Amino acid sequence: MARKLCQSISASGDLIADDFEMSGHVEMVGCSRPCVGVFHATKSACHMFGDVEQDADVDALLCDARTAARGHGDWPQDGTGPIPAAVVAFDTQARALS
């Protein structure tokens, strides 16, 4: 889903403003139990966080993801948001960043 969203943003080119931002949640299918994914997209990147509450604080998740990316990839134990089961980040050219 995040890859398709990034491809759509990229294909839109200059039709999307530089300050474009969109967040939401989706119910993941194929899981053995109910599982929610939270996403956040801007003109330059899309993030998908797996198995978090649909009302999870997206800003806190993004902050913790940036902290993890600067370190060794470990989620900060003293982070501000929930610990997701998975995190995927794409740039708008749909190349996986992490």
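The following dialogue examines the fold of a predicted model.

Residues are numbered from 1 along each chain as its sequence is written, and side-chain values use heavy atoms, without hydrogens and water. In this predicted model, local features need pLDDT of at least 70 and side-chain atom pairs count only at pLDDT 80 or more, whereas totals for chains, interfaces and linings use all residues.

Student: What pattern does the chain follow along the sequence?

Tutor: The chain has 2 helices and 4 strands, where helices (H or I, at least four residues) and strands (E, at least two) are DSSP runs numbered from the N terminus. Read in sequence order, the pattern is α-β-β-β-α-β.

Student: Which strands form the edges of the sheet?

Tutor: The sheet is open, with 4 strands in the order S1-S2-S3-S4 and antiparallel pairing; two strands pair if DSSP finds at least two bridges between them. Each edge strand pairs on one side only, and these are strand S1 (21–27) and strand S4 (86–91).

Student: How many bridges join S2 to S3?

Tutor: A hairpin through 2 residues connects S2 to S3, and histidine 40 stands opposite histidine 47 in S3. The two strands run antiparallel, and the number of bridges joining them is 5.

Student: Which residue in S4 stands opposite cysteine 46?

Tutor: S3 and S4 pair in the antiparallel sense over 6 bridges. Opposite cysteine 46, S4 places phenylalanine 90.

Student: Which residues of S3 point the other way from Ala45, His47 and Phe49?

Tutor: In a regular strand the side chains alternate between the two faces of the sheet. S3 is mostly covered, with 6 of its 6 residues buried, buried meaning under 20% relative accessible area with a 1.4 Å probe and protein chains only. Ala45, His47 and Phe49 point one way, and pointing the other way are Cys46, Met48 and Gly50.

Student: At about what angle does helix H1 run to S3?

Tutor: Helix H1 (residues 2–12) lies across S1, S2, strand S3 (45–50) and S4. Axes are lines fitted to C-alpha atoms, for helices over the stretch in contact (heavy atoms within 4.5 Å), and angles run from 0 to 180 degrees between N-to-C directions. The angle of H1 to S3 is about 165 degrees.

Student: What radius of gyration does the chain have?

Tutor: The radius is taken over C-alpha atoms, and the globule rule is 2.2 Å times the number of residues to the power 0.38. With 98 residues, a compact globule would have a radius near 13 Å, which agrees with the value for the chain, 13 Å.

Methods. Buried < 20%, exposed > 50% of the residue type's maximum accessible area, 1.4 Å probe, protein only.
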